Amino acid sequence: MTIDLPVREGNAGIPPRKVRDWWRDAVVYQIYPRSFSDSDGDGLGDIPGIRARLPYLHDLGVDAVWLSPFYPSPLLDGGYDVADPRDVDSRLGTLDDMRALVAEAHALDLRVFVDVVPNHFSWDHEWFKAALATAPGSPEWARFHAMRGKGPDGELPPNNWPSAFGGPAWTRIEGHPGWWYLHLFDSSQPDVNWENPEIHADYEKTLRFWFDMGVDGFRIDVAHSLIKAEGLPDGPEPDGLPMAGNERGPAWDQPRVHEVWREWRRVADSYEPTRAFVGEAWVATTEAQAAYTRPDELHTTFNFHFLKAYWDPEVIRDVIGTSLLTSSAVGAPPTWVLSNHDVWRPVTRFAPWRDATTIDLETGRRRALAMSMLSLALPGSAYLYQGEELGLPEVLDLPDEARQDPTYFRTEGAAKGRDGCRVPIPWSGEEPPYGFSTGTPWLPQPTDWAGLTAEAQAADPTSTLSLYRQALRIRRASEVLGDGELVWRDSGHTDVLAIERPGDGAILVLLNVSESERLVELEGEVLLSTGVAEYDDGGALVLAPDTCTWIALP
Ligand code: GLC
Ligand code: MG
């Protein structure tokens, strides 16, 4: 066996010291509240619905939950249009429900992350309504970005920035000809102005509000956009929607945004125990991403480079290698993300497409599961998006009338948007709404999900759900999984990744990315496998294609 990556000098062969800052290796389960569980039959998932399902999450074996926004909102961007960041949308519950949720989660040893959206408010936020009641130039407008347009009468937007959801990032201010306000997302999401100390103070108030309630951390929405280049100059000509890593130019990843994160880190560190941040920063490289997790900034960021990897051994090996190197250079744990409420579900992403209508979801499901089991064995923290543990596919055939994503509307249907990964969770029963609600779900569920419900899968020891439960139990009990060292091994095949987590109770993780069975010469005992993995008479492990296997080394 060869070692491709250097083991840290002076540390070779010594079991990793387990750093038990929980956020360094937490498995975090993302809840998209509207689609998780509905307690009152209005078709919209809610906080009491989540509370009722906490035992399910505890039993699944995750360490933390992250709740996407549940704040008062006109829901023009699924709640990422926040009208009041220090309250709960009355359709989803009350502040008391949130207090109870935090207490109940803690009693089950689950930490709670909530979402904070610092780039913008909703146009229903009282500060934006106050601005609209004044003329640009007022202190009320100074909380946002109001600018005169170009052209003799200001009839053209102030610059060429595109909205991430399509169209320009500017909308006219009614009653004030020639004036525009900035929104990097929907026009219902005016960007706030981080050059204004009032904005800093208000967000600190929001952080403290939830920290004081006992929340353990925040997921920070678009953490790379707050600071805009001085003067808001034109950027490069837009080339596709600035989303999912395609954000370029003066609105994104500006050096001074890091000052905000230093400020926020001091707020988190003023609590005992310290609270944690995970930043959503779709930046170009793993190096640029690592800059967000320097020791005095955010604790972690989502690793979207991993999410973008496709089914290719070199691509997967590479992204793991660079993620580990760049994160360890700043002392931060890497994170592993395959899925969230903004991207196609991995089962469909990894599926081979025979033609536009025949998608091999079975292969997709095997590969997605194998990737997920790989990610749960890597050093650092891992994210699961609700329904990932059930192997749900992307819903590609939502009727257009049902669609709600602003992307669909702002591109006039050219981009279908992200509703297909937000379809409510199937819990039980044979037909929609599958125990999600007693009413009509806000997005229709497919009629062929009976076999995918949590109830059906819990009863089947070979189901996707059962495999996740098994993996998370092994991970919790293991001394070598989670935070710690990784050593690349040679499986004898370029298309079979072999990763050792060394130490007492060492585990070898194999990922067969080839299209055929592969024989691997090694001694050990199969702990878990997403596909067939058996020793043959000669003592070699025979590994099915599209399979991830965890092996206990002797
Ligand atoms: C983030 C969220 C996404 C939202 C956008 C604007 O990317 O994950 O859902 O639309 O920010 O807030
Ligand atoms: Mg409800």
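Predicted model: local features only at pLDDT ≥ 70, side-chain atom pairs only at ≥ 80, totals over all residues.
Residues are numbered from 1 along each chain as its sequence is written, chains are lettered from A and ligands numbered from 1 in the order in which they are written, and side-chain values use heavy atoms, with hydrogens and water left out.

The side chain of D191 meets that of K228 in a salt bridge of 2.7 Å, N to O; the term stands for a side-chain nitrogen of Lys or Arg within 4 Å of a carboxyl oxygen of Asp or Glu. This pair links distant parts of the chain, 37 residues apart, with D191 in the loop between strand 6 (179-182) and helix 4 (197-213) and K228 in the loop between strand 7 (217-220) and helix 5 (257-269). Helices (H or I, at least four residues) and strands (E, at least two) are DSSP runs, numbered from the N terminus. K228 is buried too, at 5% relative accessible area.

By the same rule, the count comes to 35 salt bridges. Another one joins D342 and R422 at 3.1 Å, N to O. Here the partners are 80 residues apart: D342 sits in the loop between strand 10 (335-337) and helix 9 (346-349), and R422 in the loop between helix 11 (406-410) and helix 12 (454-458). Both D342 and R422 are buried.

Now turn to the magnesium ion (ligand 2). Its protein donors are D38 (OD), D40 (OD), D42 (OD), L44 (O) and D46 (OD), lying 2.1 to 2.3 Å from the ion. Donors are N, O and S atoms within 2.8 Å of the metal (3.2 Å for Na, K and Ca), and water is not among the atoms, so sites may look incomplete. In sequence, these donor residues follow the spacing D-x1-D-x1-D-x1-L-x1-D. D38 counts as buried at 8% relative accessibility, whereas D40 is partly exposed at 48%.

G93 belongs to the loop between strand 2 (64-67) and helix 2 (95-107), and with 11% relative accessibility G93 counts as buried.

Notes:
Buried < 20%, exposed > 50% of the residue type's maximum accessible area, 1.4 Å probe, protein only.
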